Amino acid sequence: MKLGKKIYNEEGLVLLAEGIELTQTLINRLGKYGVDFIYIADPRTADIIIPQLLSEETRFKAITEIRTSFRKLMDNSIKNKTAGYNKLGKNFGEVMNLIIDDLSSHQDAMIMLTNMSVMDDYLFQHSLHVCIYATLLGMAYGYNRNDLMTLGLGSLLHDIGKTQIPYEILRKNAQLTDDEFDCMKRHTEYGFKLLKDEPNIPLLSAHCAFQHHERLNGSGYPRGIEGTEIHDYAKWIGLVDSYDAMTTHRVYRRAMLPHQAMEIIFTGTETLYEKKKIELFRDKIAIYPLGINVTLNTGEMGTVVGLNNIFPQRPIVRVLQTPGGEEIYAPFDVDLSKKLSIMITGVNDIA
């Protein structure tokens, strides 16, 4: 197998170039560093164009700013210095303007997995992923630019309080003890304290950090508020925060695929998350992303080569193998939105 798309390191530099042959050693190393999904070059699917929601320049600037600011706050916390500093609002405001501009050109696109082919600290990538999801959903919901700035800053900085959590707890590779989890939960309060008095950070953005783990039925934290007591922005962020956590590799568990995570999200309808928000999210998420290998109920296997905005669960599949596993000489496309008797029964894991 040869790599079909570049893999970047945490500095935004190319770690592995397109076309490089994937040895078992390389595959094992990628898995160790948390890259669960990669694109494989295949002439039969070379016409697939994977949309880039953010330009490389915007992504690089965003991750650099998150990493630089969060590490500074972590260092200050270790040294017991004052945690905040007055450049947060200015620097992240500039980043959010770039993100909104980029996403405005793709607001009708389906949202695909954003953690493919990137090796970076979970906290940094997760912050950007949640921002992308929340901002695109805000656009689909009809928020104006000022609303999007507030929601975007709140989502980009929703986990900033984790910079104040002891390193050994934040990076623990096993299940947290009850005491450790109680400590971890305080990141919502720390985040609010860090942001509420920052120049150029709206107070509502600070409340996003405070409330993103609250849930409709009052089962969340830190205050156990419910229903309309939770701000709408925090509800959006809470939803996509859960989704991205499930679809991102962690040391103690593999990433779920989008359709698996959405099934779990739906079990929380009107208890954890609002139904109308879940439904909009479902309609915007590519639960079977471009390039993923799937099995059909016919027994045939193929690759998703097209998305359907109206029926996200029924994409266009290029059939590549017979039910017996033989390669098809002349692959053909099946639009599952038109062939209703054919459906996806599984996602193929070739790792």
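## Basis

The model is predicted: local features need pLDDT of at least 70 and side-chain atom pairs count only at pLDDT 80 or more, while totals for chains, interfaces and linings use all residues. Residues are numbered from 1 along each chain as its sequence is written, and side-chain values use heavy atoms, with hydrogens and water left out.

## Asp159

Asp159 sits in the loop between α5 (145-156) and α6 (167-170); helices are DSSP runs of H or I with at least four residues, strands are runs of E with at least two, and both are numbered from the N terminus. With a relative accessible area of 2%, Asp159 is buried (buried is under 20%, exposed over 50%, partly exposed in between; 1.4 Å probe, protein chains only).

Not counting residues up to four places away in sequence, Asp159 touches Phe70, Leu123, His126, His187, His212 and Asp241 (contact means heavy atoms within 4.5 Å).

## Thr298

Thr298 lies in the loop between β3 (293-296) and β4 (301-306) and is partly exposed, at 35% relative accessibility. Beyond four places in sequence, Thr298 touches Pro323 and Ile342. The C-alpha atoms of Thr298 and Thr345 are 9.1 Å apart, across 47 residues of sequence.

## Nonpolar cores

The largest nonpolar core has 88 residues, of which Ile99 and Leu128 touch the most other members (a core is a set of buried Ala, Val, Leu, Ile, Met, Phe, Trp, Tyr and Cys residues joined through side-chain atoms within 4.5 Å). Helix α4 (residues 122-141) gives the largest share of this core, 11 residues. Another core, of seven residues, lies apart from it and includes Ile7, Leu16, Leu30 and Val35.
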